[in-house]
Every structure is written in C-alpha cells, then in structure tokens.
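Trainee: Could you walk me through reading helix packing and burial in a model like this one?
Mentor: Gladly, let's look at it together.

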Amino acid sequence: MTISRHYDVPAWTDFVRGLGDADQRSAMQQHLSAGCARCGEFVATLQRFAPIAATEAQYEPPEEAVRRAEALFQPRASTAVSRARVGARVTS
Ligand SMILES: [Zn+2]
C-alpha cells in the first residue's frame, strides 16, 4: 500500500483531540494504519502531550496572580500618550 499525502500539524492536533470531520478522521486513521512513520511519530508525540494540555485548560490561576499580571501589563500613561502621537502621525 502506498502512503497518501501527509497531514499537517493542525489536522493531527484535532485528530488526537477527537475533533474534526469523521471522513477526514477515518482517512487519517487509514494513513496511520498504512504505516506512515513520519505521521505516526508525530501523533505519538501529540498523544503524550494531550493529557497535559487537557489538564492545563482546566487550570484556573489564583485571583491574586491574575491581578498582579494585569497590573504588570497595564499600559503606562506615558506609553499611551506616545502611542496616541504615533497614531496621529500615521493617520494624518
Ligand atoms: Zn504521513
């Protein structure tokens, strides 16, 4: 059996997460079953990370950490003024 075209990273990421079109998932499973080493290794790697990514999405950072992060990334008044000036120069 010949190997059909390879699939890209987003397609395999959806595949591992159980997402995507059923027909495409079936074709991708056949691609793996045909023995594509390149995609097989990639899928195996994604499958190792999938449980970590799933728990990461459920992680809720402590409220204090969120407040501190927001404070760190607040635009400073002087930055806001210089951005306004740049915007004025660009639009005029
Ligand atoms: Zn492949």
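Mentor: Two notes before we start. This is a predicted model, in which local features need pLDDT of at least 70 and side-chain atom pairs count only at pLDDT 80 or more, while totals for chains, interfaces and linings use all residues. Residues are numbered from 1 along each chain as its sequence is written.

Trainee: How many helices and strands does the chain have?

Mentor: Elements are DSSP runs numbered from the N terminus, with helices being H or I of at least four residues and strands E of at least two. Here the chain has five helices and zero strands, in the order α-α-α-α-α from the N terminus.

Trainee: At what angle do α1 and α3 pack?

Mentor: Two packed helices are described by the angle between their axes and the distance between the axes. The axes are lines fitted to C-alpha atoms, for helices over the stretch in contact, and angles run from 0 to 180 degrees between N-to-C directions. Helix α1 (residues 9-16) meets helix α3 (residues 37-58) at about 50°, and their axes are 10 Å apart. Angles under 35 degrees count as roughly parallel, over 145 as roughly antiparallel, 65 to 115 as roughly perpendicular and the rest as oblique, so α1 and α3 are oblique to each other.

Trainee: Which residues of α1 and α3 meet?

Mentor: Contact requires C-beta atoms, placed from the backbone, within 7 Å. From α1 come W12, T13 and V16, facing C39, F42, V43, L46, Q47 and A50 of α3.

Trainee: Which residues form the largest nonpolar core?

Mentor: A nonpolar core is a set of buried Ala, Val, Leu, Ile, Met, Phe, Trp, Tyr and Cys residues joined through C-beta atoms within 7 Å. A residue is buried with 20 or more other C-beta atoms within 10 Å of its own, exposed with 12 or fewer, and partly exposed in between. The largest core holds six residues: Y7, W12, F15, M28, C39 and V43. Both α1 and α3 supply at least two residues of this core. Across the chain's 92 residues, 8% count as buried.

Trainee: Is V43 buried or exposed?

Mentor: V43, in helix α3, counts as buried because it has 20 C-beta neighbours inside 10 Å. Leaving aside neighbours within four places in sequence, V43 contacts W12, V16 and L32.

Trainee: And is F49 buried or exposed?

Mentor: F49 also lies in helix α3, but F49 is exposed, with 12 other C-beta atoms within 10 Å.

Note on methods
Two residues are in contact if their C-beta atoms, placed from the backbone, lie within 7 Å.
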